[in-house]
Amino acid sequence: MGEKRARDPEKEAPPADAVDAMDEGSGDDEDFDMVDVEFEWFNYDAEVDFHGVKSLMRQLFDVDANLFNMSALADLILSQPTIGSTVKVDGKATDAYAMITALNTFEQREKEPMKEVLGYLTEKARTNEALALVPELINGGKHVGLIFSERLINVPSEISPPMYSMLVDEVEAAVEDKEPYEFSHYLVLSKIYEEVESTLEMEDRKRKRAKGSSSSTFFFHPEDEVLQKHALAHGSFRYTKEEDAVADSKRAFQEMGIKASGYLILIEASKFGDAVKAVNDYIRPPQ
């Protein structure tokens with residue numbers, strides 16, 4: 001793993017040797033070739049990261065991405081280069097495989113992309129009683145750290161602990177430098193999914209499945225399952241453009257599709273460090 005260019009040049013990124021599994025598929029049996037990949041951490045650079053960040057943000061917002069000016073949102077993220085990271089494989093000049101950042105909802109509230117996002121998140125939070133605190137804090141003038149964390153589908157979850165750990169360190173350094181990152185809470189925007197009936201072969205599936213069986217909910221990011229255990233509030237919401245998504249286009253298995261939903265995790269700032277430590281304990285790089 002390469003070093004991330006940090007505020008403190010003497011400070012190294014936490015260890016995170018990751019392995020990427022590539023499916024080589026062979027006949028009826030699946031063979032996997034394990035390919036060693038050296039991930040590198042970088043601060044944001046507006047000259048090279050615009051398209052990569054914009055693409056990852058579109059993936060994070062899923063079918064609702066078109067509700068926002070993603071170019072403006074990417075620019076807002078890139079305007080604070082020392083908070084958060086991009087993760088790459090082939091050097092700084094390439095597109096990011098993963099990213100994380102934290103935006104101050106109060107300080108950025110008058111900027112158009114943040115207005116759009118906050119309006120969206122407060123509206124969605126009101127659809128779930130478990131998320132009632134979210135609009136209360138945002139509209140109450142609290143300095144909430146809005147975390148965007150996303151990665152390409154095949155990127156291993158082992159990169160998430162160092163991403164979060166470095167974010168904690170960077171926010172602490174920014175606060176020491178009197179920058180506006182002294183948050184009261186962190187709000188993580190993420191996604192979950194459930195397996196659903198594919199419209200293909202629907203009748204055949206109905207015959208095969210037992211009556212009363214129900215779908216299960218899963219996290220796209222395994223670390224979210226840990227973060228929510230330290231949360232003040234957490235819950236899902238339906239996408240505005242949900243009907244535009246066709247389960248068959250997101251089929252994960254031969255006879256099943258997946259239906260994605262938005263997910264919010266609200267954590268008190270005083271407990272965020274412990275939550276990140278728990279993520280580090282839960283997700284360890286392979287030995």
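These legends describe close-up views of a predicted model.

**View 1. Helix α5, residues 160–176.**
Helix α5 has 17 residues. At 1.5 Å a residue, α5 should span 24 Å. Its end C-alpha atoms lie 25 Å apart, which agrees. The helix is mostly covered, with 13 of its 17 residues buried. K178 follows α5 and has a positive phi, near 65 degrees.

**View 2. The largest cavity.**
A search of the whole structure finds one cavity of 30 Å³ or more. The volume of the largest cavity is about 30 Å³. Its lining is made by L60, F61, Y120, L189, S190, F237, Y239 and G262. Two elements, α1 (46–61) and β7 (185–197), each give two or more residues to this lining. By class, six lining residues are nonpolar and two are polar.

**View 3. K191 in strand β7.**
K191 has 7% relative accessibility. Buried means under 20%, so K191 counts as buried. A polar atom of the K191 side chain lies 3.0 Å from the backbone oxygen of Q59. The K191 side chain also makes a polar contact with the side chain of D62, at 3.4 Å.

**View 4. Residues in contact with K191.**
Leaving aside residues up to four places away in sequence, K191 touches Q59, L60, D62, E150, F219, F220, Y239, S261 and Y263.

Terms used: Residues are numbered from 1 along each chain as its sequence is written. This is a predicted model: local features need pLDDT of at least 70, side-chain atom pairs count only at pLDDT 80 or more; totals for chains, interfaces and linings use all residues. Side-chain values use heavy atoms; hydrogens and water are left out. Helices (H or I, at least four residues) and strands (E, at least two) are DSSP runs, numbered from the N terminus. The expected span of a helix is 1.5 Å times one less than its number of residues. Buried means under 20% relative accessible area, exposed over 50%, partly exposed in between (1.4 Å probe, protein chains only). On a 1 Å grid over the protein atoms alone, a cavity is a set of points where a 1.4 Å probe fits but cannot get out, and a pocket is an open set with protein on both sides within 12 Å along at least five of seven lines; lining residues have an atom within 4 Å of a point. Grid points are joined across faces, edges and corners, and a volume is the space filled by probe spheres set on the points. Ala, Val, Leu, Ile, Met, Phe, Trp, Tyr, Cys and Pro count as nonpolar, Asp, Glu, Lys and Arg as charged, and the others, Gly among them, as polar. A polar contact is a pair of N or O atoms within 3.5 Å; within protein, one must be able to donate a hydrogen and the other to accept it, and residues adjacent in sequence count only if both atoms are side-chain atoms. Contact means heavy atoms within 4.5 Å.
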